[in-house]
Amino acid sequence: MCTSIPYLPRQQGNLSHCDRLHRGDIMDAGGEDLRPLLRVFAILTLCIAALVPAGCSGTEPIPPVREKTTPDTTVAAAPLTTTTTEEETPMQPSQTTTLTIVYDNNTPVTDGGDALRTAWGFSCLVETTGTVVLFDTGGDGPTLLHNMQELGVDPASIDIVVLSHFHSDHTGGLAALLDACTPDSVFMPQAFPAEFKAQLGERMRVVEVTGPTEIAPGITSTGEMGSSIIEQGIVVQTADGPALITGCAHPGIAKIATRIAEKDGLALVMGGFHLKDSSDAQIASVIAKLEQLGVVRVAPTHCTGDRGRTLFAESYGERFVHVGLGSVIVIPETE
Ligand SMILES: [Zn+2]
Ligand SMILES: [Zn+2]
């Protein structure tokens, strides 16, 4: 029914990759040794207090980076649209793409996930042939790292971190993650606060995204979207076609999907659709738009809301992918 991922060495977790496809109920977040986190907060709270925004739903502070280990390496990304001297190279689809939800407020949808901790926020591990990207970092570090361990994800395997937008339920796990690993770079919208970017830039390479930008071979940013809340999603070129992953989709999931689908189509849209406060009519309008765009499969979670997920499931039928914490989507599907 499922296979391991031979190209990506991982630490031994309590669950194998195959097990991760069959996990179940939630755990609370008790029992964690919070002393390292408290130490980080003690050092950083004073200097970051002015930067803390309200999250999509929570109010957790965003732990910033606490050590200066490298020179300032904050750089601006070169948008794909600025390439004029060379012919645009079409992105090659990854042979295998694996999407693993490592942080989510929706409980596991299959058996075997008793040890996972469900909490408000979102984080998704994107594995392509050759690159491992962590898209968003959830709301807090201990929960993120705990779930990674349970899911057999080695933080050291992460090449690149991408932050969708400046809400604590998507950035809260970053500091603890960077204590556990050293990714090559962190991509974020240029709209992120200057102080946040500067602090992070003292520690590692920060890439500021404005327009559509290549993150890694076969993985691009949608570019900054929205007005009041600036956000980026990522597009992964899979064997089935482009897959769009969104954190909260504050600019509107239909609007984000339109930017991608009108050019290349969309085989999958997954992540937070931000429909939790929307009416049935509004949700129906979004579903109709995604259908019109030709979005083949949808995997809504995080801030989509139960009603939104239900209506998507009714409309999309077998093309609705029921996901929650710990869910793994492998493209192409392996039997
Ligand atoms: Zn948000
Ligand atoms: Zn959110």
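This is a predicted model: local features need pLDDT of at least 70, side-chain atom pairs count only at pLDDT 80 or more; totals for chains, interfaces and linings use all residues.
Strand β12, covering residues 268–272, is joined to β13 by five bridges, and the two strands run parallel. Within this pairing, Met-270 stands opposite Ala-299 of β13.

Six strands make up an open sheet, ordered β8-β9-β10-β11-β12-β13, with mixed pairing. At its edges lie β8 (213–216) and β13 (297–301), each of which pairs on one side only. On average, neighbouring strands of the sheet are turned by 20° against each other, direction ignored.

Helix α6, spanning residues 253–264, lies across β10 (234–238), β11 (241–246) and β12, and runs at about 165° to β11.

Helix α6 also has a helical partner. Two packed helices are described by the angle between their axes and by the distance between those axes. For α6 and helix α7 (residues 280–293), the packing angle is about 5° and the axes are 10 Å apart. Since angles under 35 degrees count as roughly parallel, α6 and α7 are therefore roughly parallel to each other.

Which residues bring α6 and α7 together? On the α6 side they are Ile-253, Ala-254, Ala-257, Thr-258 and Ala-261, which meet Val-286, Lys-289, Leu-290 and Leu-293 of α7.

Note on methods
Residues are numbered from 1 along each chain as its sequence is written. Chains are lettered from A and ligands numbered from 1 in the order in which they are written. Two strands pair if DSSP finds at least two bridges between them. Helices (H or I, at least four residues) and strands (E, at least two) are DSSP runs, numbered from the N terminus. Axes are lines fitted to C-alpha atoms, for helices over the stretch in contact, and angles run from 0 to 180 degrees between N-to-C directions. Two residues are in contact if their C-beta atoms, placed from the backbone, lie within 7 Å. Angles under 35 degrees count as roughly parallel, over 145 as roughly antiparallel, 65 to 115 as roughly perpendicular and the rest as oblique.
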